[in-house]
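Dear colleague,

Please find below the structure that I am handing over to you. My notes on salt bridges and helix packing follow it.

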Amino acid sequence: MLPSLLELALGATVNSFESKPFDVASCLNKELASNLLSLLPTDIDVEVTSKFIENDDYWKRACKELVPKASNIREEHGMSHKRMFFELMVHKILLDATSGDKISTENIIEKIKPFADHIHTLRLRSVAHNFPIDAIASNLPNLTKLDLKYRLPLHKSFQRFPGLKNVIELSPFLINVALKDCDINDKDLGILLDGVDCSLLHLDLSHNKITYNGVASMKALLDSSASTLVTLDVSGNKIGNEGATELGKILELNDTLMSLNLRLNNIEDEGGNDLFSSLMKNATLTKINMAANKLGTDSVKAISNLAESHTSIIESIFLTSNQFSEEDLKYLRQYQICCMNMTNTISADEGFGSLASETPC
């Protein structure tokens, strides 16, 4: 059976599209556009497809062919398969470029250039200490989120941060930085944040080696009149009692932070009491995660005062796996802000008081 004129026309258009591109959506009706896009290969020059194709089904197919397991649009890709494709491409380029010992910055920049305008999130794992993050990020004009995990173990680890510091200061739209499980200690943190003047909204420093000495480095991000930080995650560190006390003093003056995660920081009853007492003077924090610490009766009393305060706007306090007695738990049950499941119940488990379930901040 001979092909129809329409089939011949579509085939010719597909074959010539890369050399003679056009705006598919505006030049063809919906049915014809759908037929053409289903036939177009996904390996056409991206400088062409990025300008002339917006159809989400086309980019979904491109994503699946690039990464077969990429079946869902993840939140960090802005619910867009087109953006997802470009961010996956850059991720692949950077992984390939940094797999060896030698890194050619110029070569990397040249390869990511066609995708640069579409990159909003850069997420990399096992990053080498000499990775030129500042040079790469400076060529991503719309970068809003940076999520890095450095390759461990690191020697003289603080040397990796001058370039990263430049990224935070010079990327105009960067509002979200995550440096989880990067072996960051107090000295590293001081170098990273010293003198940084930026507009970060979200900072994740979870599962590092930050102690109470590192809290002083966070002070500039939290207590200045220029503070913009909305969420701070320092879970899985070693903040301890002194750090909790100092953080509480800082938050007395802060008027931007809404969510604070201090889960798993070896904070005992003394530190918890000091922190919750200081929050009486804070008018912006709505969520705090204090799970998996060593809080007890004194903290419960401070939480009670906070819950009954007319100045605090805290909505949720996560307290799973602390050292509450049955009497402490009974006292906490009357406060809705301390309940984290639909039935508003608190239970004790193997001698450790816990709220019925935990939802991370």
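Glu65 and Arg61 meet through their side chains in a salt bridge, at 3.9 Å from N to O. Both residues belong to helix α5, where they are 4 residues apart, about one turn of the helix. Arg61 is partly exposed, with a relative accessible area of 25%. Please bear in mind that the model is a predicted one.

In the whole structure, the search returned 10 salt bridges. One of them joins Lys82 to Glu54, with the closest N and O atoms 2.7 Å apart. Lys82 is in helix α6 (residues 81-97) and Glu54 in the loop between α4 (46-52) and α5 (56-66), so this pair ties together parts that are 28 residues apart in sequence. Lys82 is buried, at a relative accessible area of 7%, whereas Glu54 is exposed, at 58%.

A further salt bridge links Asp147 and Arg123, whose closest N and O atoms are 2.7 Å apart. Since Asp147 lies in strand β2 (residues 145-150) and Arg123 in strand β1 (residues 121-127), the pair ties together parts 24 residues apart in sequence. Asp147 counts as buried at 1% relative accessibility, and Arg123 as partly exposed at 24%. A network of salt bridges links Arg123, Arg125, Asp147 and Lys180.

As to helix packing, α10 (residues 186-193) and α11 (residues 212-222) pack at an angle of about 15°, their axes being 8 Å apart. The two helices are therefore roughly parallel, and their crossing is left-handed. Their contact comprises 4 nonpolar, 4 polar and 1 charged residues.

Yours sincerely

Key
Residues numbered from 1 in each chain as written. Predicted model: local features only at pLDDT ≥ 70, side-chain atom pairs only at ≥ 80, totals over all residues. Heavy atoms only, no water. Axes fitted to C-alpha atoms, helices over the stretch in contact; angles between N-to-C directions. Parallel < 35°, antiparallel > 145°, perpendicular 65-115°, else oblique. Left-handed = near helix turned anticlockwise from the far one by under 90°. Nonpolar A, V, L, I, M, F, W, Y, C, P; charged D, E, K, R; others polar. Salt bridge = Lys/Arg side-chain N within 4 Å of Asp/Glu carboxyl O. Buried < 20%, exposed > 50% of the residue type's maximum accessible area, 1.4 Å probe, protein only.
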